[in-house]
Amino acid sequence: MELSPKVFSREDAEFMSRALHLAERGLYTTDPNPRVGCVIVKDGRIVGEGWHRQAGGPHAEIEALRMAGDLARGATAYVSLEPCCHHGKTPPCTEALISAGIARVVAAMRDPNPQVEGEGLTRLREAGVEVGCGLLENAAAALNPGFCKRMKTGRPYIRSKLAMSLDGRTALSSGESKWITSEDARRDAHRLRARSSAILTGIGTVLQDDPQLTVRLPETAGDILPPARIVLDSRLRISAAMRLAGGQKRTVVLTTVSDKDQIRTLSDHFDIETLPAAPNGCLDLTAVVDWLGRREFNEVLVEAGPTLNGALLREKLVDEWIVYLAPVVLGNQARGLFELPNVASMAERFELTIGDVRRIGSDLRLTLRN
């Protein structure tokens, strides 16, 4: 019978915390798989531990079982996500745990993957393994917001990263925006890039800034899975001279253009995908989000200007807004965060919920949700 979270001990919580800490080590490398950690304990002592490092590689349970060896028999396995019970790129972890003689399995949360959800725990229970689920569940889910959302809805978790002055401006009227925020805030933003499956921007930002959209963090050099770079360019105005034409991964350009000759001129430098247009002639953003899900992107980071961010806000397609607030003032001629229709009354305003506020260097970082 599945255990109630109320019967978990303080020791259980400590070992699960360790499993969650291990799972974090896969923050930059596991896409499109979830970040998972596992700790195997016998007689109050850790005898094996591991984490999932990359898709196609051993799962966390397998890494921990290899370390534990024969000591796994009769032990407890703490796993940050329900063990898988289906054949994918690797064999089922449930069978490995059963074969190793694990006596008890505690999972932080059920796997939201419809191929697994609850079935892994059921398979273990049927084999005589004592199982429990729900210990530190919220912390476990927070490690994998994109995987959880994509498994449930088919769409990725979308963050938009913005930087603004005290008076809510993102750039001078000329477009100059380097740099509003501090070096600490910019380094923090690169960590958001590093954990993302893809970075999404609009053609306006590309033409204005000619960005690279790469992760530049010395401490993660060679230890990340580079995020895909995606440009929304409805009229296909991008140029092969842009810096996005180079890099480890080819940039994907999403467009409404279907003319083969126009696409062919850019296909040596970019991957071009044609998607439906909205009534205004721009890309249909719902179709874009659905495409992102089909490509198995878990977390998508938007780095764009007021036009795209305004459209995403209106259509409620962003799960989380990360806003870096710098203690500077740019004046009323500078550019704002969102391009939105005139809000005629307070009843028409767009409301967000503050999830977190913290200081990053000389700036504040606000985390907001719809």
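D210 sits in the loop between α8 (203–209) and β9 (228–232), where helices (H or I, at least four residues) and strands (E, at least two) are DSSP runs numbered from the N terminus. This is a predicted model, in which local features need pLDDT of at least 70 and side-chain atom pairs count only at pLDDT 80 or more, while totals for chains, interfaces and linings use all residues. Residues are numbered from 1 along each chain as its sequence is written, and side-chain values use heavy atoms, with hydrogens and water left out.

L213 also has its place in the loop between α8 and β9.

| Residue | Phi | Relative accessible area |
|---|---|---|
| D210 | near 45 degrees | 22%, partly exposed |
| L213 | near 55 degrees | 3%, buried |

Most residues other than glycine have a negative phi, and most peptide bonds are trans. The peptide bond from D31 to P32, however, is cis, with omega near 0 degrees.

D31 lies in the loop between α1 (10–23) and β1 (37–42), and P32 is likewise placed in the loop between α1 and β1. The side chain of D31 makes polar contacts (pairs of N or O atoms within 3.5 Å; within protein, one must be able to donate a hydrogen and the other to accept it, and residues adjacent in sequence count only if both atoms are side-chain atoms) with the side chain of S197 at 2.4 Å and with the side chain of N298 at 3.3 Å.

Key
Buried means under 20% relative accessible area, exposed over 50%, partly exposed in between (1.4 Å probe, protein chains only).
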